[in-house]
Amino acid sequence: MKSAIVLILIIIIVILAILFGPNVWRIYKVTNLFNEESISYNFINMDEFFPISTPIKASENPHIFEKKENFQLPETYFYEGEEKSLMNAIDYFQTDGMVILHKGDLIYENYWNDNKEDTRHIIWSVSKSFLSALVGIAVEEGLIESIEDPITKYLKDFIGTGYEGVSIKNLLQMSSGIGFNEDYGDPDSDINRYGRVTATGTSQREFAKTLKNARTPGTYNHYVSLDSQMLGMLVAEVSGVSIKEYLHDKIWNQIGMQDDAFYLTDHQDIEMSLGGLNATVRDLAKFGQLYLNKGSWKGKQIVPEQWVIDSHTPDAPHLMPNAGDDLTSSEWGYGYQWWIPGNPMTDFTAHGVYNQFIYVDPVSGVVIAKTSSNHRFRSEKDYSKAVHIAMFRSIAKHISKQAN
């Protein structure tokens with residue numbers, strides 16, 4: 001009798017494992033993705049835990065930056081008037097990789113925490129800046145008539161949802177008015193709810209349809225990652241191909257990306273274009289160089305020049321740095337999926353949670369790409385972002401002094 005009960009229990013466990021095992025495993029990984037002891041490993045091995053796209057193939061003509069050997073990082077940087085150790089900050093923020101370009105030359109490259117030159121690292125919301133470029137290209141190609149168009153002109157199944165009445169430009173500028181809690185430290189936040197439900201099979205498209213509008217679109221800057229996913233669905237709809245294919249054909253292959261990349265996907269094989277791109281640091285730097293060049297690469301205009309300029313130029317009061325609580329939920333300014341730290345207004349950055357960056361400074365000609373696994377990000381979000389900008393600006397200033 002006991003042996004029969006044990007056999008039945010074993011059969012039940014096997015059946016449950018077959019039916020629900022992958023989902024249970026993914027929920028476990030989502031819940032423990034950012035633990036201090038495993039976060040670095042997780043960020044460079046996302047393909048072990050989540051569905052991914054077929055690879056975005058490296059360029060047929062990879063561009064290899066000319067490497068300068070004599071550059072030394074500055075020993076210190078300045079933050080809030082105090083001089084601090086740069087290497088201590090690099091260590092404190094769990095830097096996984098960093099590449100620095102100056103006027104198109106590779107002057108610094110280094111890796112930590114078992115990362116290497118060809119390591120594909122999750123870049124989280126830095127993915128959004130790649131997506132913005134694709135929207136700009138689609139507009140240039142006439143696939144999108146105007147960014148003033150309502151998103152429902154192209155995604156008609158969103159008529160009657162919180163996204164009705166929201167323009168493409170509202171989405172680009174994180175001003176949709178959608179009510180959304182993006183606090184990664186709150187287990188009940190919308191962004192964490194999104195992670196759980198997509199891990200267990202809910203499509204991103206259907207999740208987006210559950211969101212409600214809380215403000216008049218175009219009046220308040222509030223970070224809503226699903227706004228970017230809407231842009232991804234838009235690009236796929238108007239181009240007739242997947243995001244990964246459009247990215248490969250329009251950017252990846254065009255600017256000589258050296259390595260394969262991939263997106264995390266949902267169970268419907270739709271890319272998490274809001275934050276699921278995994279790529280090498282040197283290819284992130286290449287994209288930053290493209291934007292430093294105002295969208296041009298070796299004499300060919302890849303992203304429209306005006307689009308690049310508009311992408312880091314706030315054009316309304318609620319998008320300006322330090323606009324105030326009545327207009328924004330962030331201290332930084334915002335363009336088309338790019339951040340403008342402000343004071344001065346000359347540099348701009350792509351940023352992803354846990355401190356992923358592509359920093360561009362047109363004044364000095366410096367591009368800095370940085371991946372990180374900063375487990376402290378949840379409790380030190382604003383501090384870590386501000387310190388990184390201080391670090392990058394000190395590095396750019398140091399480079400400019402050496403060049404003169």
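**Helix packing and backbone features**

Tutor: Start with handedness: the crossing of α4 and α10 is left-handed, meaning that the near helix is turned anticlockwise from the far one by less than a right angle (clockwise would be right-handed). Helices here are DSSP runs (H or I, at least four residues), strands likewise (E, at least two), numbered from the N terminus. This is a predicted model, where local features need pLDDT of at least 70, side-chain atom pairs count only at pLDDT 80 or more, and totals for chains, interfaces and linings use all residues. Residues are numbered from 1 along each chain as its sequence is written, and side-chain values use heavy atoms, without hydrogens and water.

Student: At what angle do α4 and α10 cross?

Tutor: Axes are lines fitted to C-alpha atoms, for helices over the stretch in contact, and angles run from 0 to 180 degrees between N-to-C directions. Helix α4 (residues 127-140) and helix α10 (residues 281-292) cross at roughly 45°, their axes coming within 12 Å. The pair is therefore oblique (under 35 degrees is roughly parallel, over 145 roughly antiparallel, 65 to 115 roughly perpendicular, the rest oblique).

Student: Which residues of α4 and α10 meet?

Tutor: Contact means heavy atoms within 4.5 Å. Ser129, Phe130 and Ala133 of α4 meet Leu284, Phe287 and Tyr291 of α10. Five of these contact residues are nonpolar, one is polar and none is charged. Ala, Val, Leu, Ile, Met, Phe, Trp, Tyr, Cys and Pro count as nonpolar, Asp, Glu, Lys and Arg as charged, and the others, Gly among them, as polar.

Student: How do α4 and α9 pack?

Tutor: Helix α9 (residues 243-252) packs on α4 at about 75°, with the axes 10 Å apart. That makes the two roughly perpendicular. The α4 side includes Phe130, Leu134 and Ile137; the α9 side includes Tyr246, Lys250 and Trp252. The contact has 11 nonpolar residues, no polar and one charged.

Student: Where is α12 kinked?

Tutor: The kink in α12 is centred on Tyr383 and is about 45°. Such a bend is the angle between axes fitted to the seven residues ending at a residue and the seven starting there.

Student: What about the backbone?

Tutor: Most residues other than glycine have a negative phi, and most peptide bonds are trans. Asn322 has a positive phi, near 55°, and sits in the loop between α11 (305-311) and β10 (333-334). Asn343 and Pro344 are joined by a cis peptide bond, with omega about 10°. Pro344 is in the loop between β11 (339-340) and β12 (348-352).
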